Amino acid sequence: QVPLVESGGGLVQAGDSLRLSCAASGRTFSSYAMGWFRQAPGKEREFVAALSWSGATTYYADSVKGRFTISRDNAKNTVYLQMNSLKPEDTAVYFCAADRSVVTRKSPYWGQGTQVTVSS
């Protein structure tokens with residue numbers, strides 16, 4: 001088990017920034033790939049960003065590339081999602097996920113989500 005707890009969501013205006021955090025429990029955090037997904041009302045959960053266990057390799061959805069940055073601090077068992085130049089279409093519940101291999105929608109470990117609302 002890898003309990004995950006997201007935080008940092010909120011209500012912001014278009015163009016603002018937010019930083020989401022995902023804190024993990026356990027001593028094996030550094031061995032897991034981590035990722036962020038989001039789900040807007042009435043839509044499927046979609047991939048946002050992911051990074052390898054070392055943080056050396058990152059992946060981004062085209063819709064957030066250049067605006068969002070994923071990072072991790074293995075000493076703090078935490079993964080971050082820095083979101084800049086936010087748009088109303090970024091409004092969603094954001095979830096972090098962990099996987100021994102590649103993070104996908106089928107990954108076994110998920111947080112409860114944090115709401116991000118971007119007003120125009």
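Two strands count as paired here if DSSP finds at least two bridges between them. With that in hand, the predicted model can be read starting from a hairpin: β7 and β8 form one, with four residues between them. The pairing of β7 with strand β8 (residues 78–83) is antiparallel and runs over six bridges. Ser-71 has Tyr-80 as its bridge partner in β8, and Thr-69 is partnered in β8 by Gln-82.

Asn-77, placed in the loop between β7 and β8, has a positive phi of about 55 degrees although it is not a glycine. Most residues other than glycine have a negative phi. Asn-77 also has a relative accessible area of 18%, and the cut-off for buried is under 20%, so Asn-77 counts as buried.

An open sheet of four strands is built in the order β1-β3-β8-β7, and its pairing is antiparallel. At the edges stand β1 (4–7) and β7 (68–73); each has a single partner strand, so one side of each goes without a neighbour in the sheet. On average, neighbouring strands of this sheet are turned by 15 degrees against each other, direction ignored. As a reminder, strands of a sheet pair through backbone hydrogen bonds, either parallel or antiparallel.

Next comes the disulfide. The structure holds one, formed by Cys-22 and Cys-96, with the sulfur atoms 2.0 Å apart. Cys-22 sits in strand β3 (residues 18–24) and Cys-96 in strand β9 (residues 92–99), so the bond ties together parts that are 74 residues apart in sequence. The torsion about the S-S bond of Cys-22 and Cys-96 is about 50 degrees, which means that the disulfide is right-handed. Neither cysteine is open to the outside: Cys-22 is buried at 0% relative accessibility, and Cys-96 is likewise buried at 0%.

What about the nonpolar interior? In soluble globular proteins, nonpolar side chains tend to be buried together. In this model, the largest nonpolar core has 30 residues, and those with the most contacts inside it are Leu-4, Met-34, Trp-36, Leu-81, Met-83 and Tyr-94. At least two residues of this core come from each of β3, β4 (33–39), β5 (46–51), β7, β8, β9 and β11 (114–119). Leaving out residues up to four places away in sequence, Met-83 touches Asp-16, Ser-17, Leu-18, Leu-20, Arg-67, Phe-68, Tyr-94 and Val-116.

Arg-38 is found in strand β4 and counts as buried, at 6% relative accessibility. The side chain of Arg-38 makes a polar contact of 2.6 Å with the side chain of Glu-46. Another polar contact, of 3.5 Å, links the side chains of Arg-38 and Ser-63. Setting aside residues up to four places away in sequence, the residues that Arg-38 touches include Glu-44, Arg-45, Val-48, Val-64, Phe-68, Glu-89, Asp-90 and Tyr-94.

Phi of Ser-85 is near 50 degrees, a positive value in a residue other than glycine. Ser-85 is partly exposed, with a relative accessible area of 42%.

Technical notes: Residues numbered from 1 in each chain as written. Predicted model: local features only at pLDDT ≥ 70, side-chain atom pairs only at ≥ 80, totals over all residues. Heavy atoms only, no water. Disulfide = S-S within 2.5 Å. Buried < 20%, exposed > 50% of the residue type's maximum accessible area, 1.4 Å probe, protein only. Axes fitted to C-alpha atoms, helices over the stretch in contact; angles between N-to-C directions. Core = buried A, V, L, I, M, F, W, Y, C linked by side-chain atoms within 4.5 Å. Contact = heavy atoms within 4.5 Å. Polar contact = N/O pair within 3.5 Å; in protein donor to acceptor, adjacent residues only side chain to side chain.
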